[in-house]
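Welcome, and thank you for taking a look at this protein. Please open the sequence and the 3D view, and keep both at hand as you read.

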Amino acid sequence: MSGPGGVGKGTLVSRLCERDPSLWLSRSWTTRPRRPGEAADEYTFVDRGRFRTRASEGGFLEWAELAANGELYGTPWPDPAAGRDVVLEIDVQGAAQVVERHPEAVVVLVVAPSAEEQASRMRKRGDDEDHIARRLELGVREEEWGRRLAASVVVNDELDRAVDELASILRSHREPPAPAS
Ligand code: 5GP
């Protein structure tokens, strides 16, 4: 699951995973500080030294430095229980790396219904105005790139509707093709 910052990917993904226990949500590493009120297990929070060491040892499926905040984010090699599908919630640079390594990966691009809505979501979680303006500007390019990578694009306009759409996209990728008659 990919897309620009502030489009509500996190909420969508956690709803989807609550609904479908066969999904396995990866926990990323990041060097950014924990936000006030943010769960301690939202990420594995580490300093740059620890992150760089793990990256140099090949410990990530993908990692990226986010232009929006200069922080590092990475996906440790997934280790799901048998039969579970891995879900990643990552930026577009990361999604491009995953597709290169795993062409069978399904990229879903999540976009906000409008730039105003995206800004208001970032404001609610406490981002400052400079950061929001930068994120929106970068978001335009990320969205263009993401549309080229993505199998589907979901507009996060209404949470339940968007989760339904995601669940149906997932089903269409899991179901074997109907036998030819
Ligand atoms: P935030 O700091 O707001 O939690 O996340 C910023 C951005 O980093 C979001 O777009 C999120 O999807 C992305 N992100 C989170 N984890 C990873 C990761 O492991 N790899 C990459 N490439 N991006 C990530």
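## Before we start

What you see is a predicted model, in which local features need pLDDT of at least 70, side-chain atom pairs count only at pLDDT 80 or more, and totals for chains, interfaces and linings use all residues. Residues are numbered from 1 along each chain as its sequence is written, and side-chain values use heavy atoms, with hydrogens and water left out.

## The open sheet

Let us begin with an open sheet of 4 strands, in the order β3-β2-β5-β4 and with mixed pairing. β3 and β4 stand at the edges with a single partner strand each, so one side of each has no neighbour in the sheet. Strands are said to pair if DSSP finds at least two bridges between them. β2 and β5 run antiparallel and are joined by 2 bridges. β4 and β5 also run antiparallel, with 5 bridges joining them; in this pair, Glu62 has Thr75 of β5 as its bridge partner.

β4 and β5 form a hairpin with 6 residues between them. In the turn you will find Gly70, which has a positive phi of about 70°. Gly70 counts as partly exposed because its relative accessibility is 29%. Here, buried means under 20% relative accessible area, exposed means over 50%, and partly exposed is in between (1.4 Å probe, protein chains only). For a sense of distance, the C-alpha atoms of Gly70 and Arg141 are separated by 17 Å, with the two residues 71 apart along the chain.

Now turn to the ligand, whose space is the largest pocket. On a 1 Å grid over the protein atoms alone, a pocket is an open set of points with protein on both sides within 12 Å along at least five of seven lines. The elements that give two or more residues to the shell around the ligand are β4 (60-65) and β5 (72-76). The largest share, 3 residues, comes from β5. In total, 18 residues surround the ligand, and the closest are Ser28, Arg32, Tyr43, Glu62 and Tyr73; being near means having a heavy atom within 4 Å.

Several side chains come up to nitrogen or oxygen atoms of the ligand. An N or O atom in the side chain of Glu62 is 2.7 Å from a ligand nitrogen, and a polar side-chain atom of Asp91 also lies 2.7 Å from a nitrogen atom of the ligand. For Tyr73, an N or O atom of the side chain is 2.5 Å from a ligand oxygen. Taken alone the ligand exposes 510 Å², and the protein buries 95% of that; such areas come from the Shrake-Rupley method with a 1.4 Å probe.

Is Tyr73 buried or exposed? Tyr73 counts as buried because its relative accessibility is 13%. This residue sits in strand β5. Tyr73 and Thr31 are 42 residues apart in sequence, yet their C-alpha atoms are 6.8 Å apart in space.

Arg32 lies in the loop between β2 (29-30) and β3 (44-45). With 7% relative accessibility, Arg32 counts as buried. Its side chain makes a polar contact of 2.8 Å with the side chain of Glu38. Within protein, such a contact is a pair of N or O atoms within 3.5 Å, one able to donate a hydrogen and the other to accept it, and residues adjacent in sequence count only if both atoms are side-chain atoms.

## A parallel pair and the end segment

Elsewhere, β7 (residues 108-111) and β8 (residues 152-155) pair in the parallel sense over 4 bridges. Val108 has Ser152 of β8 as its bridge partner. In a regular strand the side chains alternate between the two faces of the sheet. In β7, Val108 and Val110 point one way while Leu109 and Val111 point the other way, and all are buried. β8 has a covered face, Ser152 and Val154, and an uncovered one, Val153 and Val155.

Finally, look at Ala180 in the segment after α6 (159-174). Ala180 counts as exposed because its relative accessibility is 80%. Ala180 and Phe60 are 120 residues apart in sequence and 41 Å apart in space, C-alpha to C-alpha.

Notes: On a 1 Å grid over the protein atoms alone, a cavity is a set of points where a 1.4 Å probe fits but cannot get out, and a pocket is an open set with protein on both sides within 12 Å along at least five of seven lines; lining residues have an atom within 4 Å of a point. A molecule sits in a cavity or pocket if more than half of its atoms lie within 2 Å of its grid points.
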